[in-house]
Amino acid sequence: MASAEDVADRERRRAAEHAVGEIPDHVQDRWPDRALIDDIDVDQAWREADPIHYPSAHLGAVARYHRRSDTVILARQGAITTCIELMDRPWSERIYIRNQVSDL
């Protein structure tokens, strides 16, 4: 049985290797409100973001954390599926995500 650390490492590798080619309109439409920055789009934010393990991801989605916008961006099957404001997540989840990128 894989340890929690092994699972997290595997998920970060999956997120690092995941390429996106499609960004649905609903994600593009929500990005400005959730990211609160207007100098980059969600596609560029995905490329800048750090791969993370995000236990709340469903259906094989992978996640990256974009520091400047303080968002978690989720992708699956070559498409960005959503972006989430980290401050809207529970405290324990925010700490877990930020701890993954604090030494990068």
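**Entry 1: histidine 66**

I count a polar contact as a pair of N or O atoms within 3.5 Å; within protein, one must be able to donate a hydrogen and the other to accept it, and residues adjacent in sequence count only if both atoms are side-chain atoms. With that rule I looked up histidine 66, and its side chain has a polar contact of 2.8 Å with the side chain of glutamate 48. A polar contact of 2.7 Å joins the side chain of histidine 66 to that of serine 69.

For my own record, this is a predicted model, in which local features need pLDDT of at least 70 and side-chain atom pairs count only at pLDDT 80 or more, while totals for chains, interfaces and linings use all residues. Residues are numbered from 1 along each chain as its sequence is written, and side-chain values use heavy atoms, with hydrogens and water left out.

I placed histidine 66 in strand E2, residues 62–66. Helices (H or I, at least four residues) and strands (E, at least two) are DSSP runs, numbered from the N terminus. Is histidine 66 buried or exposed? Histidine 66 is buried, at a relative accessible area of 2%. My cut-offs are under 20% relative accessible area for buried, over 50% for exposed, and partly exposed in between (1.4 Å probe, protein chains only).

I then listed contacts (heavy atoms within 4.5 Å). Leaving out residues up to four places away in sequence, histidine 66 touches Trp31, Ile37, Ile40, Ala45, Glu48, Ala49, Thr71 and Ile73.

**Entry 2: salt bridges**

I took a salt bridge as a side-chain nitrogen of Lys or Arg within 4 Å of a carboxyl oxygen of Asp or Glu. Side chains of opposite charge can pair when their charged atoms come close. How many salt bridges does this rule give? The count is eight.

I looked at arginine 68, which forms a salt bridge with aspartate 39, with 3.1 Å between the closest N and O atoms. Arginine 68 sits in the loop between E2 and strand E3 (71–76), and aspartate 39 in the loop between helix H2 (25–35) and helix H3 (42–48), so this pair ties together parts 29 residues apart in sequence. Arginine 68 is partly exposed, with a relative accessible area of 47%.

Next I took arginine 67, whose side chain meets that of aspartate 50 in a salt bridge (3.1 Å, N to O). Arginine 67 is in the loop between E2 and E3 and aspartate 50 is in strand E1 (residues 50–52), so the pair ties together parts that are 17 residues apart in sequence. Arginine 67 is partly exposed at 42% relative accessibility, whereas aspartate 50 is buried at 17% relative accessible area.

I also noted a salt bridge between arginine 98 and aspartate 70, where the closest N and O atoms are 2.9 Å apart. This pair links distant parts of the chain, with arginine 98 in helix H4 (residues 91–101) and aspartate 70 in the loop between E2 and E3, 28 residues apart. Arginine 98 is partly exposed, with a relative accessible area of 28%; aspartate 70 is buried, with 18%.

I found Arg10, Glu11 and Arg14 linked in a network of salt bridges.

I treated two strands as paired if DSSP finds at least two bridges between them. E2 and E3 pair in the antiparallel sense over five bridges, and valine 62 has alanine 75 in E3 as its bridge partner. Their hairpin has four residues between the strands, and aspartate 70 there takes a positive phi near 55°.

E3 and strand E4 (residues 79–85) run antiparallel and are joined by six bridges. Alanine 75 stands opposite isoleucine 80 in E4. The hairpin of E3 and E4 has two residues between the strands, and glutamine 77 in the turn has a positive phi of about 50°.

Why do I call E3 largely enclosed by the rest of the structure? Five of the six residues of E3 are buried.

I checked alanine 8 in helix H1 (residues 4–17). Alanine 8 is buried, with a relative accessible area of 4%. Alanine 8 and histidine 53 are 45 residues apart in sequence, yet 5.1 Å apart in space, C-alpha to C-alpha. With residues up to four places away in sequence not counted, alanine 8 touches His53 and Tyr96.

In H4 I listed Glu93, Arg94, Ile97, Gln100 and Val101 as the buried residues. They cover an arc of only 130° around the axis, which puts them on the same side of H4. The arc is that of the directions from the helix axis to the C-beta atoms. Trp91 and Asn99 are exposed on the other side of H4. The cover over the buried residues of H4 includes H1, E1, E2 and E3.
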